[in-house]
Amino acid sequence: MAIYAYLFEARGIQRFLFSTGKLKDMIAGSDLIDYICTDGGYVDQVLHALNLTDQVKAPRKAGGVFYLIFNHKKQAQRFQAAWRLLATQWFPTVETVDALTEANSVKEAIAKGIKKLAEARNTLKIELPNASPITERSPRTGLAAVKRVHTALGRQESVDLATATVRQFKRPQGSQKLEDRFSEQNDIFWPNNFESDAADNKKFPLGKRSLIGLVHADGNGLGEILRILNNACADAEDETYIDLYQTFSKAVTDATISATQQASEIVLLQHTNEKVMPARPLVLGGDDVSVIIRADLAIPFTQQFLIAFKETSKKEINSLKQKFKDYGLAEHAEKLPDCLTACAGIVFMKASQPFYSAYNLAEGLCKQAKSYSRQHKSAAENQKVELIPSSLAFFKVNDSLLDDIDAMYAQTQIAIHGQTHYELCTAAYLVNEHHKQLANLEQLLALDRLLQSSTLNNNPLREIATLIHANVDQAKQAYKRWNYVSERNLAQLSKVEQKQVSELEHFKYLLTELIGPLEPDLPFHKQDDGKKYQSVLGDLLALATISEEAQQKITQGIAS
């Protein structure tokens, strides 16, 4: 008997969320996207309206992506026709792809659908309403305006269709909101406004520089687990495949939610300001997490999330292994990892800078961290799936903001002098992992704490980071001046100077532990090829700025 699978994927979500740059619109947009697959959400509503709720299986349904299995072709076609029509009204301008496939098994139908989705991503689609030369456009997005709305200042604003839809969206009463999955605390407020004239319980708590961290985290190695699942179900019944797929999808989602809640409780709840959380969730679906956080808390939150995700996934993976064994697939269960890991990217920026480019940059940093972690996989005994270590990459933008991480690094963090390259930061940092060849976040944070608590002045380091782009010899002179006190006889130094020497030597020790033996005339490590010098000055100075933000009196809001 033929099986019919309908696969749908919402893509380009960041453009939809960040098009206006207003926090209120980001929040409403993320809630709307989250509502697609939530219990009682848009997918469930369409199935109910077509009387198909009890006749359809959903192996995957989370984060704007869902797979539905139908036994009859007409049912699948009816759903596809209704869904395509309603989706354009519910979330216009969101890039979507879908596929309807037929096969003799659920596994084969989904495999065909995934292949079709990949092909559909390369197809250009017309965006409606199309803007003619005389069409009025939204000043925030540049898209065709469909209506004018009154602002809080009594002015009129032309808005496009997506913005108008987002601002009209109201999540039904009783439906669990996105932020409720970040924390189970009921007596807190999640901010929804960067503007200074907002109500106290709606202002985003910011420091003097109004810096925030845009965090994007993503799970590792899920494709490998799906490969094991597919191989295990080569000769299995459809019901077995669907049950295992649902168990796996639920396991990933539950592990992500639990890890997020732990990170929120340990980091965010300790830094509420008048019960206002110093963060705002944007995405929490499957293994994806995106959140805006006060700058000084972004790395601690992400670090805690990555550690917690590894722990919370152990329980979920054990449940998945047991499910394999219940179906007589113990041999394949042994190939599953004991836990899952994740990587993350963080962009530090001012709250008034464009979020769309920053989100692309955060995704790029996350991919960069994954690539970095793949340099050192680890596998447990008798385990074929290699674990990618958890890691994170971060970048602090200044005045200009590009959405390509390679371009940003080349512009700001790499000094090129002929064939010689001086790199001011490393690709990423392992989290709660220790490998000799790879940099570790805990070591970088130890360096930052030393600079913050010692008598060492980091201005010479900033001078070196600036001079290295223009003149290497001048950078060496600046480093020599910083080291001058350590070259003198200790007996001739005052107690303050002796302390400085001790702190300076400790700084060099920690830096050596992080990147390797240092050059005598620069705080850089010479790579094996002799043409590349590696340091972490750029990252360290970024942390220094962010740490200063934490020390400032926390104020509420800025003009967006």
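Student: What is the relative accessible area of Lys323?

Tutor: Lys323 has a relative accessible area of 25%, so this lysine is partly exposed, a class between buried (under 20%) and exposed (over 50%), with a 1.4 Å probe and protein chains only. This is a predicted model, where local features need pLDDT of at least 70 and side-chain atom pairs 80 or more, while totals for chains, interfaces and linings use all residues. Residues are numbered from 1 along each chain, and side-chain values use heavy atoms, without hydrogens or water.

Student: OK, which residue forms a salt bridge with Lys323?

Tutor: The partner of Lys323 is Asp243, with 3.5 Å between the closest N and O atoms; a salt bridge is a side-chain nitrogen of Lys or Arg within 4 Å of a carboxyl oxygen of Asp or Glu. Because Asp243 sits in helix H8 (residues 238-268) and Lys323 in helix H9 (residues 295-326), this pair ties together parts that lie 80 residues apart in sequence. Helices (H or I, at least four residues) and strands (E, at least two) are DSSP runs, numbered from the N terminus.

Student: And how many salt bridges does the structure hold?

Tutor: There are 25 salt bridges in the structure. One of them joins Lys61 to Asp44, at 3.4 Å from N to O, and this pair links distant parts of the chain, with Lys61 in strand E2 (residues 57-62) and Asp44 in helix H3 (residues 42-49), 17 residues apart. Lys61 is partly exposed at 24% relative accessibility, and Asp44 is partly exposed at 22%.

Student: What about Lys476, where is its partner?

Tutor: Lys476 forms a salt bridge with Asp521, and the closest N and O atoms are 3.2 Å apart. Since Lys476 belongs to helix H15 (residues 472-483) and Asp521 to the loop between helix H16 (495-515) and strand E16 (525-526), the pair ties together parts that are 45 residues apart in sequence. Lys476 is partly exposed, at 26% relative accessible area, and Asp521 is also partly exposed, at 30%.
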